[in-house]
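Here are my notes after going through the model you sent. Have it open beside you as you read.

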Amino acid sequence: MALAELGVVVLDCPDPRALAGFYAEVLGGTPTVEADDSGEWVDLKVPGGAALAFQESPGYVPPKWPSPDGSQQFHLDLVVEDLDAAEKGVLALGAKPLDADDRTRTFRVYADPAGHPFCLCAC
């Protein structure tokens, strides 16, 4: 028997509204700001999937990837049908390529606008 149930994955970032907007364009859904409208916490309910939340972290430092002396902490694998089309879309939204040169692989690695690594996967 499980002790808990996964509620939401939360990403720290300097601008929750902007990062939630990036992922809403990539995954779908509509960002919703916490009731106090401070913008310090934004939820994104992804259609047919788990929810993501974005929390303001004024001292946020993005993870390094790859880094032999550090950790990426976590990353998201986003399944796509067409790697080239998805890549074009995420780059237009502000993603940065981290490891996307090998076109023979079924995945490519990017950083979102706040620096979190994520993979586009045609798996």
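The points below cover the domains, the aromatic residues and the charged pairs.

1. A caveat before anything else: this is a predicted model, so please read each value below as computed from predicted coordinates.

2. Let's start with the overall layout.

3. What do the two domains share? On the contact count, 12 residues of domain 1 touch 13 residues of domain 2. About 970 Å² is buried between domain 1 and domain 2, and carbon and sulfur atoms give 82% of that area. On the domain 1 side, Leu11, Phe22 and Tyr23 supply 46% of the area buried against domain 2, more than any other three residues. As for charged pairs across this boundary, the count of salt bridges between domain 1 and domain 2 is zero.

4. Now the rings. The count for the structure is five aromatic pairs. One of them joins Tyr23 and Phe118, edge-to-face, with 6.3 Å from centre to centre and 70° between the planes. Tyr23 belongs to helix α1 (residues 16-27) and Phe118 to strand β8 (residues 117-121), so this pair ties together parts that lie 95 residues apart in sequence. Both partners are buried: Tyr23 has a relative accessibility of 1%, and Phe118 comes out at 0%.

5. That pair belongs to a wider group. Ring pairs link Phe22, Tyr23, Phe54, Tyr110 and Phe118 into a cluster.

6. On to the charges. How many salt bridges does a search of the whole structure find? The search gives four. Asp84, Glu87, Arg103 and Arg108 are linked in a network of these bridges.

7. Arg103 forms a salt bridge with Glu87, and their closest N and O atoms are 2.8 Å apart. The two are 16 residues apart, with Arg103 in the loop between β6 (96-99) and β7 (107-111) and Glu87 in helix α2 (residues 83-92). Glu87 counts as buried at 11% relative accessibility, while Arg103 is partly exposed at 44%.

8. Glu87 has another arginine partner. The salt bridge between Arg108 and Glu87 has its closest N and O atoms 3.6 Å apart. Arg108 lies in strand β7 and Glu87 in helix α2, so here the pair ties together parts 21 residues apart in sequence. Arg108 is buried, with a relative accessible area of 3%.

9. Last, a residue to look at from two sides: Arg105. The side chains of Arg105 and Asp99 meet in a salt bridge, at 3.1 Å from N to O. Both count as partly exposed, Arg105 with a relative accessible area of 21% and Asp99 at 26%. The charged end of Arg105 also sits over the ring of Phe107, 4.3 Å from the ring centre.

Key: Residues are numbered from 1 along each chain as its sequence is written. This is a predicted model: local features need pLDDT of at least 70, side-chain atom pairs count only at pLDDT 80 or more; totals for chains, interfaces and linings use all residues. Side-chain values use heavy atoms; hydrogens and water are left out. Rings of Phe, Tyr and Trp (its six-membered ring) pair if their centres lie within 6.5 Å; planes under 30 degrees apart count as stacked, over 60 as edge-to-face and the rest as tilted. Helices (H or I, at least four residues) and strands (E, at least two) are DSSP runs, numbered from the N terminus. Buried means under 20% relative accessible area, exposed over 50%, partly exposed in between (1.4 Å probe, protein chains only). A charge sits over a ring if NZ of Lys or CZ of Arg is within 6 Å of the ring centre and within 35 degrees of the ring normal. Contact means heavy atoms within 4.5 Å. Buried area is the accessible area (1.4 Å probe) that two parts lose on being put together, summed over both.
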